[in-house]
Amino acid sequence: MPTIYIDDEAYQVPEGDNVLQACLSAGIDLPYFCWHPEMGSVGACRQCALVQYRDAEDTRGRIVMGCMTPVADGARFSMSGGSAGEFRENVIESLMLNHPHDCPVCGEGGECHLQDMTVMVGHRNRRYRGKKNTHRNQDLGPLINHEMNRCITCYRCTRFYNDYAGGKDLSAQASHDHTYFGRQEDGTLESEFAGNLVEVCPTGVFTDKPLVNEYTRKWDMQSAPSVCVGCALGCNTLPGERYGKLKRIHNRFNDEVNGYFLCDRGRYGGSFVNDEQRALFPGLRQSNSTYNAIESIKAIQTLVDWCVPGNKLAAIGSPRTSLESNYLLQRLVGEENFSNGIAVHEAALIEQISGILQNGSVATPSMRKTESADVVLVLGEDVTNTAPRLALALRQSVRNLAKEMASDMKIPLWQDEAVRVLAQDQLSPMYIVAMSDTPLDDIAAQTLTLCPNDIARMGLAIAAQIDSSVPGTEGMLEGFDTETQKLITQISDSLKGAKSPLVVSGTGSQNAAVIEAASLIASALQTNGADGNDSMLSYCLPEANSLGVTLMRNEAQISLDDICQRAAEGNIETLIVAENDLYRRAAKEQIDTLLSKVKNLVVLDAIGTPTLSQSALALPAATFAETEGTLVSSEGRAQRHYPAFLPAEQRDSTWHWITQLGQALALPGFDELDHFDQITAACAAEFPALQQICEASPLADFRNKGLKIPRQTHRYSGRTAMRADISVHEPKQPQDDDTPLSFSMEGSNGSQPGALLPFVWSPGWNSNQSLHKFQSEAGGALAGGTAGVRVLDPANTGSTSKKTNLPVESKAKKDQWQLLPLYRIFGSEELSAHSPAIQELTKKPFIQLTPEDATKLKLSAGDGLTVNIANQDCVLEVQVNTTIPRGCAGYSVGLPGACWLPPATSVNLGKAEIRANSRGDDV
Amino acid sequence: MHTFTRAETVEYPEQQPYLAPRYRGRIVLTQDPDGDERCVACNLCAAACPPDCIALQQGTRDDGRWYPEFFRINFSRCIMCGLCEEACPTNAIQLIPDFEMCEYDRQNMVYEKEHLMIDGPGKYHDYNFYRVAGMQIEGKDKGEALNENPPVDTKSLLP
Ligand code: SF4
Ligand code: SF4
Ligand code: SF4
Ligand code: SF4
Ligand code: FES
């Protein structure tokens, strides 16, 4: 480690850092704007100036930019020497010449890096008396507010949006002090990661639009460490609450998972929590199908009556709620009466994946690690739409070639512009074999679209090329035309030469053979790839806890079909469904029959669903932001989310509802379950695969320097006025016995484990840039340790999943179109689809046809088409897509209004009812 | 000694003491010189308040102005320190020379926006925040605030 001297003080700093990073790591507050730990330095803002001296004798020195100066052993710097301090103040003063007098009405105020830096350099008085430049703002869609006057031209936005996230529609325009950051014209920012601009921009140019429309300052938000429930990746989040409403979701740094960034589904998808339709009280269904609000005591009594022994009981859990809720429900009714509520075919796929990850030989990487892949093969998955944040990680992986070239030339990797210029547009290879075009296609070396069976065949052919001993793949290659054969050879050669090859697949194609093929390629690479290669295999899963409830599975549990069967036989009197809309799990017909056969349907849910509206007793559940729970991400990382605020009225956590019921029924063991930790421990004890989940975060008795960890900032305001309209007598702050966090500003937020970080703030650092004060070094892991624990490590028992049948080549059948499941980041996921901002971006259910098919069927884009899927008429908007494989049609899965799609469905579109030129309006 | 000094005590309430205009008494929310609500719901008063007795929620009006959807002061907690007035960047919140606000019931000491608003600018007659701020509102386009140039033409590369 080199030693540098700052104001004659010696510091040991990490080799290869720049001086700014080294200063921040050493706790020296050197102001900066444009440097970003994830995006490196470009030296654009000139804020991080200090004086560098040639040697100890040099007294004059010269001004250098900290972020552009590599550390070198013995180098001498000064923060205050010479004119450095004055220089930094002058930089701020010049940035402020055109800055509007906006702080009071600025959505950044109070967490503004520009405010912080201005105070830090001591700039106080405006001397300039000239006029300020102004700019017109743009309407950038429902997610992001634009106020261009506040720009300081640090270029962070375009560097993130274009260079890092691959966006195309944001640019720096005009020149000199007219520089403008925006789109060519008004319109929604296209990137799925645009929301990160809110956190990346150090000023109030880009702010969170839903937040600004009902604004709360950062210091007034109560927040807690949470985990995104938008997909299975388990990004760490910080939901902020005020007056009982979820105000916004910010990124929570986790160096192995989401780093500094979230996707827009995660950032904006949480406001379903504020849905006014959510019930506040349990509801008992009356004979006229309306609900009577009842007290929770009464609800539990009703439940006790319905659950008495002898009554035939069954329960359905859910992959979108915690392990604890699922576990308790299973314990309540007995495992032989419990289904985890995943659609039958999907459950098989997830089990197959969990088998591969547990027993196979190839490790599944953390999201951070996927960024190190030098060759990527995506097999059958539209990653951007099923596991969005992973797509952003994959966008970094293709830059490894550039990084390698830079390392060869001894260019430090934080020299961002130099590294980019060096490689120009050369990228590490990524190959995408999917069902249609995907948003990652622009960085792929080659793309090919096929139907799922053919994707699997192609995967097997690639595996066979890498390792000819892979069983069951003989002759696979010959089944393809010469062009595809060439591509297969190219992909396998490329993978074989890779040091860190990564295969990405998932449940998206709903095809077991695709999943199998991906695993075969990854293990073939392990044996036959480049020497010492670090082969990686990553699967995208559908929901936040898909893997968790699958690891919780045991032989006795039953499937959704079994439940239907039992109900049909009259063997279910009371059915308890927890946080699950069954209409998203099976055909409408099947669920209608099931529910009609059950006498007492009890549904616990936080959102309104068609299942809930059929219940005899509806119990209002708490959302992720109002309760604790453990989720297992697709990487196999168990993570705990904590309530940011308490559920209103008689809403309650699912786990608490069930504990109360179990205790009321005097079921054995339930009286010992008073605290959440005990439930987690009981769950861990019962399922070997989940043994380690208790380590996901510290237990409730953990104290930080003897204190609890505050959910509120030290400047949380209005404590004696918030509820004064109800009563002037302030109640005691709610106690939290289930977690180490407190519902107050008292306590210590500092060096506690990363899983318990409720917000970042440090004296003088009000913005999210204060994060470096919580990191082991600027840009490094959290000082308290990375949140979550990996429960999956490959056992290499050799026995992966059951062998799947070899996929048959698909042949286009006359008048039959195979429906390919296509997903959308906005709308395909159930919870986020209830958020108003996401709804504005959600498309109508659609069907995608090739231009030839559209012509043949006399359809054009925008037409309405009624398609009968699983005996249900579904009105779809026609879209024309040249990349849809022959004999197939793309079908939007999960969008509000779309029907449930059975696996491998084919439809006769020739017979479908056309509503020409309706432009889908009557949908 | 004190025998010879003049008594400061007055026969209140028959006799009213003189209170200087800057006396820190009851708090009001004032209007700008154009007669529109001054408070922009920036939350600075609430943050400055030592007993945390101010609570409000920002909203955005159709004309683009930020305003408090509700604004509440719990006077049973207020210590009349005036820090809220000092923190206020728009001169909206002001303390006035009126201290006669006793109640038998503490609950009546909770003032909502309608109890706090007055018709007029209070002590500061001229200041109008939105004429200085860069944010565009109805009736004040970009470039029309104090000391502003007209919006730049991003298509032009001329100096
Ligand atoms: S960007 Fe920061 S300094 Fe500028 S108006 Fe907003 S809060 Fe104030
Ligand atoms: S818009 Fe924000 S991020 Fe972009 S250059 Fe301006 S201040 Fe920097
Ligand atoms: S990628 Fe998934 S987990 Fe991450 S923020 Fe987006 S929806 Fe949430
Ligand atoms: S006068 Fe002081 S105590 Fe009273 S509201 Fe203002 S800041 Fe709070
Ligand atoms: S941070 Fe160093 S020049 Fe901007």
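User: Which residues are around ligand 3?

Analyst: A word first: this is a predicted model. Start a ligand site by listing its shell. Around ligand 3 stand four cysteines of chain A, Cys228(A), Cys231(A), Cys235(A) and Cys263(A). Gly230(A), Leu233(A), Gly234(A), Leu262(A), Arg265(A), Gly266(A), Pro388(A) and Arg389(A) complete the list. Helix H7 (264-268) and helix H13 (388-397) of chain A each give two or more residues to this shell.

User: Which residues come nearest to ligand 4?

Analyst: Cys49(B), Cys78(B), Cys81(B), Gly82(B) and Cys84(B), out of 13 residues around ligand 4. By class, that shell has twelve nonpolar residues, one polar residue and no charged ones.

User: How many helices and strands does chain B have?

Analyst: Count the elements, then read their order. Chain B has four helices and six strands. From the N terminus, the order is β-α-β-β-α-β-β-α-α-β.

User: Why is chain B described as more spread out than a compact globule?

Analyst: Compare the radius of gyration with the globule rule. Chain B has a radius of gyration of 21 Å, well over the 15 Å given by the rule for 159 residues, so chain B is more spread out than a compact globule. Its C-alpha atoms fill a box of roughly 80 × 35 × 25 Å along the principal axes.

User: What share of chain B is buried?

Analyst: The figure is 45% of its 159 residues. Look at contact range too. Among chain B contacts with a separation of 6 or more, 70% join residues 24 or more positions apart. For the surface, chain B exposes about 8,900 Å², with 53% supplied by carbon and sulfur atoms.

User: Which residues of helix H23 in chain A are buried?

Analyst: Helix geometry first. An α-helix has 3.6 residues a turn, so residues three or four places apart point the same way. In H23 (residues 676-686) of chain A, the buried residues are Phe676(A), Asp677(A), Ile679(A), Thr680(A), Ala682(A), Cys683(A) and Ala684(A). Their cover includes helix H9 (323-333), strand S27 (629-632), strand S28 (637-641) and helix H22 (654-664) of chain A.

User: How far apart are the C-alpha centres of domain 3 and domain 4 of chain A?

Analyst: They lie 41 Å apart. Then check the contact: six residues come from domain 3 of chain A and four residues from domain 4 of chain A.

Note on methods:
Residues numbered from 1 in each chain as written. Chains lettered and ligands numbered in written order. Predicted model: local features only at pLDDT ≥ 70, side-chain atom pairs only at ≥ 80, totals over all residues. Heavy atoms only, no water. Near = heavy atom within 4 Å. Rg over C-alpha atoms; globule rule 2.2 N^0.38 Å. Buried < 20%, exposed > 50% of the residue type's maximum accessible area, 1.4 Å probe, protein only. Contact = heavy atoms within 4.5 Å. Areas by Shrake-Rupley, 256 points an atom, 1.4 Å probe, with all protein chains shown as cover. Domains from an automatic or database assignment. Nonpolar A, V, L, I, M, F, W, Y, C, P; charged D, E, K, R; others polar.
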